[in-house]
Amino acid sequence: MTSTKEDMLIWLLKHDSQWAFDNLYRMYAHRLMAFAMEYCHHNETAGEIVEDTFIWIWTHRHEIKQEKTLFKLLFIKARHLLINAYRATLNSPRFEDYVDYVDSLGTESNGAQMDYDDFVRIIRNGLEQIPPTQRRVIELSRFEQKSIKEIAELMNLKEQTVRNQLSLGLKQLMAFINRAGYGAFTLWLMIC
């Protein structure tokens with residue numbers, strides 16, 4: 001599709017054309033799906049991201065400032081939705097910092113980009129380097145989003161013991177990750 005045709009579709013979209021919206025959807029949905037799959041590795045979630053992105057485009061069509069292409073706007077919105085999806089997922093590590101890290105590499109560093117599996121592998125390798133109690137406390141806190149009180153009850157420990165184990169474990173895990181050269185990933189450990 002030429003840029004001139006997309007110009008026309010954007011203009012028509014701003015004037016409530018469902019036909020233009022459908023054409024823009026066909027033009028970008030496949031690329032957005034690939035982008036979402038790159039981060040979430042789950043068809044259903046990626047499909048929801050694409051759908052939500054286009055719902056947002058339709059509901060904000062009168063506010064769109066772009067005239068030539070919607071490419072950047074669509075991918076920025078999809079990125080925000082991906083971050084929100086990971087924030088809402090209880091069994092996944094915080095992923096916003098990874099997405100920011102990948103974005104910071106730019107297109108010139110394609111060989112340096114890590115995929116999600118590598119990110120998780122680094123965290124898991126680090127967890128294997130720390131004592132079992134600290135590992136379990138970190139997993140419950142950071143991966144399962146359990147509170148200190150919930151962890152104390154689950155592990156039959158005092159709340160202060162859980163706090164101490166979490167603090168010691170996070171320090172050791174961050175040191176491992178930094179030694180491995182992946183310091184950009186330590187911020188997600190500090191969230192919550």
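This is a predicted model: local features need pLDDT of at least 70, side-chain atom pairs count only at pLDDT 80 or more; totals for chains, interfaces and linings use all residues.

Asp16 is partly exposed: its relative accessible area is 41%, which falls between the 20% and 50% cut-offs. Look at what flanks Asp16. The residue sits in the loop that links helix H1 (3–14) to helix H2 (18–40). Now check the backbone of Asp16. Its phi is near 70°, a positive value in a residue other than glycine. Most residues other than glycine have a negative phi.

Next, select Asn156. Is Asn156 buried or exposed? Asn156 is exposed, with a relative accessible area of 71%, because exposed means over 50%. Asn156 also has a positive phi, about 55°, although it is not a glycine. Its place is the loop between H8 and H9.

H8 covers residues 148–155 and H9 covers residues 159–179. At what angle do the axes of H8 and H9 cross? They cross at roughly 105° and come within 8 Å. The range of 65 to 115 degrees counts as roughly perpendicular, so H8 and H9 are roughly perpendicular to each other.

Show side chains for the contact. From H8, pick Ile148, Lys149, Ile151 and Ala152. From H9, pick Glu159, Val162, Arg163 and Leu166. Color them by class. The contact of H8 with H9 has five nonpolar residues, three charged residues and no polar ones.

Terms used. Residues are numbered from 1 along each chain as its sequence is written. Side-chain values use heavy atoms; hydrogens and water are left out. Axes are lines fitted to C-alpha atoms, for helices over the stretch in contact, and angles run from 0 to 180 degrees between N-to-C directions. Helices (H or I, at least four residues) and strands (E, at least two) are DSSP runs, numbered from the N terminus. Angles under 35 degrees count as roughly parallel, over 145 as roughly antiparallel, 65 to 115 as roughly perpendicular and the rest as oblique. Contact means heavy atoms within 4.5 Å. Ala, Val, Leu, Ile, Met, Phe, Trp, Tyr, Cys and Pro count as nonpolar, Asp, Glu, Lys and Arg as charged, and the others, Gly among them, as polar. Buried means under 20% relative accessible area, exposed over 50%, partly exposed in between (1.4 Å probe, protein chains only).
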